[in-house]
Amino acid sequence: MTTEAPDYNGAARGWDQLEFLIRPVAGAIVERLPDPAPGAFVLDLGCGTGEPGLTVKTRHPAVRLLGVDRADLMVEIARAKARSLGFGDTAFETRLMSDTAVAPASVDLLVSRFAFLMLDHQALELSLAEAIRVMRPGAAYSFAVWDRSELNTLITLFRSVLGGFPGGASLPDPSAINYLAEPGYRAHLLLRAGVTNVEEASLSWDARIPDRESLVGVLEHSPFGVFLKSLEPAARAEAVSRITEGAVAYREPDGGYRSPTTCRLFGGRR
Ligand SMILES: C[S@@+](CC[C@H](N)C(=O)[O-])C[C@H]1O[C@@H](n2cnc3c(N)ncnc32)[C@H](O)[C@@H]1O
């Protein structure tokens, strides 16, 4: 089983076009954090183009933010966004979650959206140990992870269709990390690693896509977009057609799509 995280560099340029699909999540992560003291140090693990760290910084401008991500194009975009928002005391660096180069016990708030505790087991244990190392005792954490893959309906549809095309079997399989979504398992990992408490909640919403063209845009900007582009034109057209047929189940009378989505939120103290 490979559960290696995909290389997100290929998806970086279009990543923010997908933000509308997961918009409620950054807010929910931030709402579960205590109000930070001025100057509090916030670490965003697997920050992509800057979320949820930039939402923390927007709501609490006096914090210092560092976001780390292994995809350098993601980091470049996050930096540009921070600059355009006028956030001087904000840094984004190309680093692994398992090796953040952050001083021990220096982080006051740790956040992450769909990156931390989503990887294969070995990388997960290393990034968990790193999170514990960098959080000061009593630091707060709040992060979102996917629940079982079938509750992330669009991505599951994309993968199940594309998996049937030449080379598609080696695409990352969202169901490969379903073992992490077993009730209590992530909480157990966090407690075993050394956090003081874990509060877990479910967050469900309907991602709304206005029309077929936008649905195809979501597919092209998703982490599967690079694979889609690599297909021969006829195969690509066939893949798009099968995916839009599969999405008929979520079709609304106005021609848009309503994609029910669920993730899990974890929060607590180191
Ligand atoms: C699903 S994206 C989420 C990005 C961002 N947090 C958001 O919500 O928009 C996952 C991100 O985690 C990053 N990532 C995956 N494995 C990583 C690792 N071991 N160390 C650092 N970043 C990693 C990827 O490059 C990608 O940008």
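Q: Before we look at anything, what makes a residue buried here?
A: A residue is buried if 20 or more other C-beta atoms lie within 10 Å of its own, and exposed if 12 or fewer do. Keep in mind that this is a predicted model.

Q: Okay, so which way do the residues of S1 point?
A: Phe 41, Leu 43 and Leu 45 point one way from S1, while Val 42 and Asp 44 point the other way. All of them are buried.

Q: And why is S1 called largely enclosed?
A: Because five of the five residues of S1 are buried, the rest of the structure largely encloses this strand.

Q: Which strands does S1 pair with, then?
A: S1 covers residues 41-45 and pairs with S4 in the parallel sense over three bridges. S1 also runs parallel to S2, residues 64-69, and five bridges join these two.

Q: What holds paired strands together, in general?
A: Strands of a sheet pair through backbone hydrogen bonds, and they do so either parallel or antiparallel.

Q: Let's go to S4. Is it mostly covered or open?
A: Mostly covered: S4 spans residues 107-113, and seven of its seven residues are buried.

Q: How many bridges join S4 to S5?
A: Six, and the two strands run parallel.

Q: Can we zoom out? What is the strand order in the whole sheet?
A: The order is S3-S2-S1-S4-S5-S7-S6, in an open sheet of seven strands with mixed pairing. S3 and S6 are the edge strands, each pairing on one side only. On average, neighbouring strands in this sheet are turned by 20° against each other, direction ignored.

Q: New topic: which residues come nearest to the ligand?
A: Tyr 8, Gly 46, Gly 48, Arg 113 and Ala 115 come nearest, out of 19 residues around the ligand.

Q: How does that shell divide into nonpolar, polar and charged?
A: The shell has twelve nonpolar residues, three polar ones and four charged ones.

Q: What about helix H6, how many of its residues are buried?
A: Eight of the ten residues in H6, which runs over 153-162, are buried. Among them are Leu 154, Ile 155, Phe 158 and Arg 159.

Q: What covers those buried residues of H6?
A: The cover includes strands S6 and S7, along with helices H8, H9 and H10.

Q: Last one: where is Pro 183, and is it buried or exposed?
A: Pro 183 is found in the loop between H6 and helix H7. With 8 other C-beta atoms within 10 Å, Pro 183 is exposed, because the cut-off for exposed is 12 or fewer.

Q: How many Å apart are Pro 183 and Lys 81?
A: They are 37 Å apart in space, C-alpha to C-alpha, and 102 residues apart in sequence.

Definitions and conventions. Residues are numbered from 1 along each chain as its sequence is written. This is a predicted model: local features need pLDDT of at least 70, side-chain atom pairs count only at pLDDT 80 or more; totals for chains, interfaces and linings use all residues. Helices (H or I, at least four residues) and strands (E, at least two) are DSSP runs, numbered from the N terminus. Two strands pair if DSSP finds at least two bridges between them. A residue is near a molecule or strand if its C-beta atom, placed from the backbone, lies within 6 Å of it. Ala, Val, Leu, Ile, Met, Phe, Trp, Tyr, Cys and Pro count as nonpolar, Asp, Glu, Lys and Arg as charged, and the others, Gly among them, as polar. Two residues are in contact if their C-beta atoms, placed from the backbone, lie within 7 Å. Axes are lines fitted to C-alpha atoms, for helices over the stretch in contact, and angles run from 0 to 180 degrees between N-to-C directions.
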